[in-house]
Amino acid sequence: MEKRLYDYGMIGLGTMGRNLVYNMCDHGFSVAGFDKDFSKVEILEKGKGIYKICGAHNLKEFADALKKPRVILLLVPAGSIVDSVINKLKPWMSKNDLVMDCGNSHYSDTNLRIKKLEKEKIHFMGVGISGGESGARNGPSIMPGGSKKAYERVAPLLEAISAKAKGEPCVAYLGPGSAGHYVKMVHNGIEYAFMQLIAEAYQLLKQGAGMSNDQLHDIFLKWNDGSLKSYLVSITSDIFKQKDNLTGNRLVDMILDSAHQKGTGAWTTEDAMALQVPVPVIDVAVSMRNISILKEERLVAQKQLQGPDMKINIDKQKLADTLENALYFSIITVFAQGMALLRNASDAYQYDLKLEDIAGIWREGCIIRASVLDDIMAAVTTQPALSNLMLSEVFKEKLAGLQENARQIVRTGINTGIPLPALMASLSYYDSYRSGWLPDNLLQAQRDYFGAHTYERTDREGTFHTEWNQKQH
Ligand code: 3PG
């Protein structure tokens, strides 16, 4: 009997990999899977009766099971593991095989891997996937980058398994090289900022206004029916209802207030700094996770550092309504920062990114999916040359109408001592971006005073230096 060959291969059968395999099979594709942990291969094999799948126990068996030229998806942790898998796989690969790294690899690693494998005539693509476990199973947002030709080979697969927004697949060819992994990194940076903004709203309502978990659930549920409609707001409302099996309390109250991270948020701020693109809300979102892990120090400081009592004495419904608008304002500024970073990175790294495609594929399937992305897509489609989303016809008026709410909330934070760095950074980004004059002439003067770093003038061309503090005649 002729041996069956499978359409695609998946290496890494953890939660994401396994669910993506089932998703692929649902769309009629056959898949061979491999994981160095055989128990995961066995779990996959249990689906054999239902799906066209097989589990391999070594990489040779895996490679032999695939149709040629092979298409292999990797869903393994980012970093050296990706290189180690590629190196072990290489002896069993042939010319024109395609490897798709679907993990959260750093974009610079993806560039190196593309170059390295090119020499062996093996194609390599960096493909960002967002949506968590349920996204992988039911349709994620997919951010592929690499050679256009390679993309065309897998477009039918990716379009089939992706989420759909108004009937359109949440996948598009984003650009050459590491474009896909870069866009996924910025997606995660926006995700960090979005989550921090929600966390600040939670602190205001819980600690400041003394709201119960049931009240919080109701507020987030209502918010998810309006301009804040999004995956993150919706799961937040669910979280407040979840009971802890061990104590019977609400689970959220039993979780240590110390946030972990795998690095993509920090990578976003690092790269934005290197490109000199301001993304202050993403910066503070990363910093706040870093403050959160100083639990022991914070407990000591709580007894020693003075400040207001973090209690809010205004009408709770009024506070929630103002906060809803302030959050909407801030989320627009976060997307403006993310899009500005993508526009600059596209020039710097020659990605030729299409912002309307990116906004389009983020509308469903991914963690930052939100109804505001419909407006963002419309804004970048009708005004593609705009330097900043905040200047678009769609958002200019919205921001003008919302900004007083952000100011009120920030004032509440300052008066009560509740830390609101992301809300504050959103407002400061808006205010500094709309400042035709900023005090950096003084900063330039200081640089020239102490370091002879020179300055430019407002009234004539050229570079100038002054011998400061000399006696003037
Ligand atoms: C992921 O990539 O899994 C998350 O979107 C971000 O993860 P983190 O919060 O652990 O960095």
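Colleague: What should I know before I start?

Modeller: The model is predicted, so local features need pLDDT of at least 70 and side-chain atom pairs count only at pLDDT 80 or more, while totals for chains, interfaces and linings use all residues. Residues are numbered from 1 along each chain as its sequence is written, and side-chain values use heavy atoms, leaving out hydrogens and water.

Colleague: What is the strand order in the open sheet?

Modeller: Strands of a sheet pair through backbone hydrogen bonds, either parallel or antiparallel. Here seven strands run in the order 3-2-1-4-5-6-7, with mixed pairing. Strands are DSSP runs (E, at least two residues; helices are H or I, at least four), numbered from the N terminus, and two strands pair if DSSP finds at least two bridges between them.

Colleague: Which strands stand at the edges?

Modeller: Strand 3 (53-56) and strand 7 (141-145) do; each has a single partner strand, so one side of each lacks a neighbour in the sheet. Strand 1 (residues 8-11) and strand 2 (residues 31-34) pair in the parallel sense over four bridges, and I11 stands opposite F34 in strand 2.

Colleague: Which side chain has an N or O atom 2.7 Å from a ligand oxygen?

Modeller: Polar contacts here are pairs of N or O atoms within 3.5 Å. That side chain belongs to N104, and the R289 side chain has an N or O atom 2.9 Å from a ligand oxygen.

Note on methods: A polar contact is a pair of N or O atoms within 3.5 Å; within protein, one must be able to donate a hydrogen and the other to accept it, and residues adjacent in sequence count only if both atoms are side-chain atoms.
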